[in-house]
Amino acid sequence: MRHAIAALALTLAATPALADDDIINVEATGSVAEVADRLVAAIEGAGATVFARVDHAGGAESAGMELAPMELVIFGNPTLGTPAIQSSPMAGLVLPMKVLVWEDAQGAVKLSYEDPEEMLDEVGVDDDLEVIVQMEGALKKLTGAAAGG
């Protein structure tokens, strides 16, 4: 038992955790599905590509388990992503962009995403790369449009 606890402690210590300030949370109105629909529409309207929409709650249900409503939208724009990957090929591990649309324990719906500067810094992309500011602006605009009013 002590070996299992020690192994777990080492695993947790070796796993990078996201600091609270690395995650941007935006309050939204409507259901998770409605907010995710608005996000997809905003992404496509901006000329970016939606690569996938992952229904985490649906996946849990298919395994006989339960999660609150939660969808991950994966999307990108090669005009923004390519310079980051050119700067550091490891950026391909964290790109394309992702936004999680989820319902918290109180029933509030939120859009959450990792701050691009922090995310890309972890894989060696220079903080001063111009596309990082563009990514930050795009994420703010897209999640703002999806949040509703």
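Reader: Which backbone oxygen lies 2.6 Å from a polar atom of the side chain of Ser 88?

Author: That of Val 123. Keep in mind that this is a predicted model.

Reader: What makes the approach of Ser 88 to the backbone oxygen of Val 123 a polar contact?

Author: The distance is 2.6 Å. The cut-off for a pair of N or O atoms is 3.5 Å, with one able to donate a hydrogen and the other to accept it. So the pair is within the limit. Ser 88 also touches Gly 124 and Val 125, leaving aside residues up to four places away in sequence.

Reader: Where does Ser 88 lie, and why is Ser 88 called buried?

Author: Ser 88 is in the loop between H4 and E4. Its relative accessible area is 9%. Buried means under 20%, so Ser 88 is buried.

Reader: What makes Lys 110 and Glu 27 a salt bridge?

Author: Their side chains meet at 4.0 Å, N to O. The rule asks for a Lys or Arg nitrogen within 4 Å of an Asp or Glu carboxyl oxygen. Therefore the pair counts. This bridge links distant parts of the chain, with Lys 110 in strand E5 and Glu 27 in strand E1, 83 residues apart.

Reader: Are these two residues buried or exposed?

Author: Lys 110 has a relative accessible area of 17%. That is under 20%, so Lys 110 is buried. Glu 27 stands at 55%. That is over 50%, so Glu 27 is exposed.

Reader: Which residues are linked with Lys 110 in a network of salt bridges?

Author: Glu 27 and Asp 104. The closest N and O atoms of Lys 110 and Asp 104 are 3.5 Å apart. Asp 104 is buried, as is Lys 110.

Reader: How do you know that Asp 37 and Arg 53 form a salt bridge?

Author: Their closest N and O atoms are 2.7 Å apart. The limit is 4 Å, so the pair qualifies. Asp 37 sits in helix H2 and Arg 53 in strand E2, 16 residues apart.

Reader: Why do Asp 37 and Arg 53 count as partly exposed?

Author: Asp 37 is at 43% and Arg 53 at 34%.

Reader: How many residues has the largest nonpolar core?

Author: It has 34 residues. Val 101 is among those with the most contacts inside it, as are Leu 39 and Leu 111. Val 101 touches both Leu 39 and Leu 111. Elements giving two or more residues to this core include E1, H2 and helix H6. In soluble globular proteins, nonpolar side chains tend to be buried together.

Note on methods: Residues are numbered from 1 along each chain as its sequence is written. This is a predicted model: local features need pLDDT of at least 70, side-chain atom pairs count only at pLDDT 80 or more; totals for chains, interfaces and linings use all residues. Side-chain values use heavy atoms; hydrogens and water are left out. Helices (H or I, at least four residues) and strands (E, at least two) are DSSP runs, numbered from the N terminus. Buried means under 20% relative accessible area, exposed over 50%, partly exposed in between (1.4 Å probe, protein chains only). A nonpolar core is a set of buried Ala, Val, Leu, Ile, Met, Phe, Trp, Tyr and Cys residues joined through side-chain atoms within 4.5 Å. Contact means heavy atoms within 4.5 Å.
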